[in-house]
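Look over the sequence and the fold below.

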Amino acid sequence: MKNFKTLQWIGDCDGFLELTDQRKLPAQFAAIQCKTPQQLYEAIKTLAIRGAPAIGVAAAFGICLAAQETEKLKLAEALSHIEKKADFLSKSRPTAVNLFWALERMKNKARSFSAQNPDAEVKDLKRCLLDEAQKIYNEDVEMCCKIGVNGERFIPDGSAILTHCNAGALATAGDGTALAAVFEAQRKGKKFRVYVDETRPLLQGARLTTWELRQAGIDVTLICDSMAGALMKDGKINAVFVGADRIAANGDTANKIGTYSLSVLAKAHNIPFYVAAPSSTFDLKLKNGSQIPIEQRQPQEVINYMNVQTAPQDINVYNPAFDVTPAENISAIITENGIIQQPTEEKIRKIIGQV
Ligand code: MRU
């Protein structure tokens, strides 16, 4: 289905990470190369790469870039350098837990390798870390397929669904989360329409989701964020599908700002509201959504609409990148392990496999 790579590692242990530059889409399809952890940090912070699973996979490769800087060091020093760079990368964005999940997994791999192979050389550690990052990449592709298969049943033939932001191929190594269900429904020959919120301020819906869906030949209609309620009132939406950046133990879900409002609208109009996310997006250490850190971004993103000034330069701006949808507004969470209907902590722990 996907005819481009959101991100890919080029070469062997001394290679680099190549990313589709999402800041330039849809006007330009261009790649950027990250050869240092610093370059990757900038790419994540400025949203050249974005979407929770994709950030996690990219960060895993970021550890391989950090390992390249340890050539002249002893194994213990190399490990300490890698841990420092993992800490640095973890500061790029605060909300999507996949970033921290992937960095933790890579650090643990480096630690266990060093403990089990105290006489190994740094080149062996680099190999071990690249293998682990590739594994994370492949698992991400696989989980997208499974989420697609699990979620497709919620898109009835002849229906119209609404999505927000971009939870598609650009947000993952594979086909996406919420949009994986859309692609799977199309594969099954279903006919349906997708309405896409433009998703102010950074327009991930308008720029990225419409681009992806059009390429796949899906019937897609772009709307301004403020139009969703009227569409629902007119009976034009049968279901809402969104992704997630972090899901707390009770099912409260952080996703792109505007998702909460959509969930309230969906509830008011009796429309099912689905969240699609892999197990790496759950943060079961957090009891509920009030504990999820919400990224605050620059006022300029709101004052300027795609580099055109649309408000006084010195106006006060509130610009949180995410909001939290309470579990009670969510009809089901679709994961690679199965579907969590009306999510509760007990059901989540059962499906996500942690007690
Ligand atoms: O700020 P972004 O573009 O990284 O926000 C992304 C989202 O909110 C997505 O909906 C979420 O990461 C799900 S990705 C499959």
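Which residues does W211 touch, not counting residues up to four places away in sequence? They are F4, L25, P26, F29 and L170. This is a predicted model. W211 sits in helix α7, which spans residues 204-215. The relative accessible area of W211 is 17%, so W211 counts as buried, the cut-off being under 20%. D124 is 87 residues away from W211 in sequence. In space the two C-alpha atoms are 41 Å apart.

The peptide bond from L25 to P26 is cis, with omega near 5°. P26 belongs to the loop between β2 and β3. A further cis bond runs from R200 to P201, again with omega near 5°. P201 is placed in the loop between β5 (192-197) and α7. Most peptide bonds are trans.

L47 has a positive phi, near 70°, and is not a glycine. The loop between α1 and α2 holds L47. At 7% relative accessibility, L47 is buried. N270 also has a positive phi, near 60°. Its loop lies between α9 (259-268) and β10 (273-276). Is N270 buried or exposed? N270 is exposed, with a relative accessible area of 72%. Most residues other than glycine have a negative phi.

The largest nonpolar core has 46 residues. Within this core, L7, L17, L19, F61 and L129 touch the most other members. Several elements each supply at least two of the core residues. The strands are β1 (7-10), β2 (16-20) and β3 (31-34). The helices are α1 (37-45), α2 (52-68), α3 (75-90), α4 (97-116) and α5 (122-151). Which element gives the largest share of this core? It is α2, with 11 residues.

L19 shows what such packing looks like in detail. Leaving aside neighbours within four places in sequence, L19 is in contact with T6, L7, A30, A31, I32, C34, L40, A43 and I49. There is also a second, separate core, made of 26 residues. Its members include A160, I237, A244 and V275.

N150 lies in helix α5. N150 is buried, at 15% relative accessible area. A polar atom of the N150 side chain is 2.9 Å from the backbone oxygen of T335. Beyond four places in sequence, the contacts of N150 are I334, T335, E336, N337, G338 and I339.

W101 is in helix α4. With a relative accessible area of 33%, W101 is partly exposed. Apart from neighbours within four places in sequence, W101 is in contact with I136 and S280. D283 is 182 residues from W101 in sequence, yet their C-alpha atoms are 8.9 Å apart.

Next comes the ligand. A side-chain N or O atom of R50 is 2.6 Å from an oxygen atom of the ligand. G51 takes part through its backbone, where an N or O atom lies 3.1 Å from a ligand oxygen. Q204 places a polar side-chain atom 2.9 Å from an oxygen atom of the ligand. How much of the ligand does the protein bury? Taken alone, the ligand exposes 420 Å², and the protein buries 99% of that.

Finally, step back to the whole chain. The chain contains 11 helices and 16 strands. Its radius of gyration is 20 Å, close to the 20 Å that the globule rule gives for 355 residues, so the chain is as compact as a globular protein of that length. Along the principal axes, the C-alpha atoms fill a box of roughly 70 × 50 × 40 Å. Buried residues make up 58% of the 355 residues. Among contacts with a separation of 6 or more, 75% join residues 24 or more positions apart. The accessible surface comes to about 15,100 Å². Carbon and sulfur atoms account for 51% of that surface.

Key:
Residues are numbered from 1 along each chain as its sequence is written. This is a predicted model: local features need pLDDT of at least 70, side-chain atom pairs count only at pLDDT 80 or more; totals for chains, interfaces and linings use all residues. Side-chain values use heavy atoms; hydrogens and water are left out. A nonpolar core is a set of buried Ala, Val, Leu, Ile, Met, Phe, Trp, Tyr and Cys residues joined through side-chain atoms within 4.5 Å. Buried means under 20% relative accessible area, exposed over 50%, partly exposed in between (1.4 Å probe, protein chains only). Helices (H or I, at least four residues) and strands (E, at least two) are DSSP runs, numbered from the N terminus. Contact means heavy atoms within 4.5 Å. A polar contact is a pair of N or O atoms within 3.5 Å; within protein, one must be able to donate a hydrogen and the other to accept it, and residues adjacent in sequence count only if both atoms are side-chain atoms. Accessible areas come from the Shrake-Rupley method with a 1.4 Å probe; for residues, only the protein chains shown count as cover. The radius of gyration is taken over C-alpha atoms; the globule rule is 2.2 Å times the number of residues to the power 0.38.
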